[in-house]
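Have the viewer open as you read.

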Amino acid sequence: MSSPSAASAPALRHVLTHLVTPLLMCLGMGIAYLSAFHAPAPHHLPVAVVGEGPQARALAQGLQEKAGDKLEVTTAADADAARTRLLDRGLAAAYLPDADAPTLLVATANSETSASAAEKVFTQVATQQGRPLAVQELTPMAAGDPTGQGLFFLLVALSIGSYGSVAVLGAAGGALAMRVRALLGLGVALVVSLFGAALAGPVFHLVDHGLFGVWAMSWLYAAGIVAIGTALHTFLGRWTTLTMMALFVMLNFTSSGGIFQPELQNGFYGALHSFWNGAGFLEAARDHVYFGGRAGLGGHLATLFGWLAAGAALLVLAGRAERRRTLARTPGQPAEEEEMEEAVGV
């Protein structure tokens with residue numbers, strides 16, 4: 001008869017093996033969030049000095065020389081030109097150097113943290129001129145979202161609802177055909193997007209207009225995540241959860257621009273921001289709600305459609321892989337047992 005310790009050894013190994021996943025999540029989250037957010041600093045933050053005369057050009061040149069690569073200082077012909085560039089999301093701020101009332105134009109909806117960084121710079125400029133700095137906001141925020149960061153937290157809710165559903169579709173739904181799981185995933189994404197729209201609109205008033213567009217983008221974003229996750233479960237099994245968290249939390253939230261825009265982050269997250277799906281959703285929602293769709297909305301929507309297309313392609317590949325496994329399965333081995341073995345740890 002085996003000793004109790006010998007009998008419990010396999011169970012202990014089983015537990016220790018599956019503890020790897022949460023421990024890697026802990027390590028990955030720490031590395032991702034701290035590397036992305038621990039030391040924000042501007043680099044090539046785009047700002048402008050308003051004016052065409054020698055005084056405006058001299059001020060812009062002096063700021064550029066003093067700031068180095070922290071700022072990218074240009075001039076704007078007049079206040080209207082500066083406003084246009086701000087609403088096109090090409091500037092973080094524009095400074096009007098008036099001798100009596102220097103004013104900083106900002107569009108906080110673009111990025112509250114970028115606007116704050118620019119305000120610190122030009123507050124010092126105005127102080128040197130012996131005048132207080134007035135700040136003029138060009139993008140009034142919704143009543144429930146005074147900082148403009150509510151859309152980021154909507155992104156968080158959509159992401160968690162989407163990738164959390166993947167474990168159920170992949171494991172509990174493993175006996176269903178891939179096309180059935182794909183349709184279920186589309187329905188799950190619809191429900192997640194409806195939850196998001198309700199929270200953003202009538203519940204917390206993060207969005208006071210354009211809610212239909214935000215809902216449509218939410219569905220598109222969620223559907224891409226669910227499709228990718230459902231397909232990946234076929235290939236990764238119990239490692240799907242960790243992979244999904246890495247893709248759609250660790251790398252996604254940090255590169256989305258919800259807290260800091262690329263101009264306040266290191267180059268790695270700035271590069272991800274140009275094509276990652278979280279950034280695509282957040283910037284598309286900002287463009288739609290606050291900038292009238294004028295600031296690159298089409299490109300951000302293309303990013304979301306691209307991720308959904310990738311998910312659709314992976315679903316096709318996963319369906320083929322599952323059919324091959326079914327044909328190659330050992331005679332007499334129930335499909336349910338195979339799925340349970342694959343789902344352990346998910």
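Asp 287 has a relative accessibility of 0%, so it counts as buried (buried means under 20% relative accessible area, exposed over 50%, and partly exposed in between, using a 1.4 Å probe and protein chains only). Before going on, some housekeeping: this is a predicted model, where local features need pLDDT of at least 70 and side-chain atom pairs count only at pLDDT 80 or more, while totals for chains, interfaces and linings use all residues. Residues are numbered from 1 along each chain as its sequence is written, and side-chain values use heavy atoms, with hydrogens and water left out.

What does Asp 287 form a salt bridge with? The partner is Arg 89, with the closest N and O atoms 2.5 Å apart; a salt bridge here is a side-chain nitrogen of Lys or Arg within 4 Å of a carboxyl oxygen of Asp or Glu. Arg 89 is buried as well, with a relative accessible area of 16%.

Now for the domains. The assignment gives domain 1 (45–137) and domain 2 (149–328), with bounds that come from an automatic or database domain assignment. The centres of the two, taken over C-alpha atoms, are separated by 36 Å. Between domain 1 and domain 2, the buried area is about 1100 Å², and carbon and sulfur atoms give 56% of it; buried area is the accessible area (1.4 Å probe) that two parts lose on being put together, summed over both. Arg 89 shows up again here: with Ala 109 and Thr 113, it supplies 45% of the area that domain 1 buries against domain 2, more than any other three residues.

In terms of contacts (heavy atoms within 4.5 Å), 15 residues of domain 1 meet 13 residues of domain 2. The rule finds 3 salt bridges across this interface. On the domain 1 side, strand E1 (45–50), helix H3 (79–87) and helix H4 (112–128) each supply at least two of the residues that touch domain 2; helices (H or I, at least four residues) and strands (E, at least two) are DSSP runs, numbered from the N terminus. H4 gives the largest share of that side, 4 residues.

Have a look at Gln 261 too, which sits in the loop between helix H8 (240–255) and helix H9 (267–273). Is Gln 261 buried or exposed? Its relative accessible area is 7%, so Gln 261 is buried. Leaving out residues up to four places away in sequence, Gln 261 touches several residues, including Arg 89, Thr 113, Glu 283 and Arg 286.

Two other salt bridges are worth a click. The side chains of Asp 88 and Arg 294 meet at 2.8 Å, N to O. This pair links distant parts of the chain, 206 residues apart: Asp 88 is in the loop between H3 and strand E3 (93–96), and Arg 294 is in the loop between helix H10 (277–290) and helix H11 (297–328). Arg 83 and Asp 80, by contrast, both lie in helix H3, 3 residues apart, about one turn of the helix. Their closest N and O atoms are 3.3 Å apart. Asp 80 counts as exposed because its relative accessibility is 55%, whereas Arg 83, at 26%, is partly exposed.
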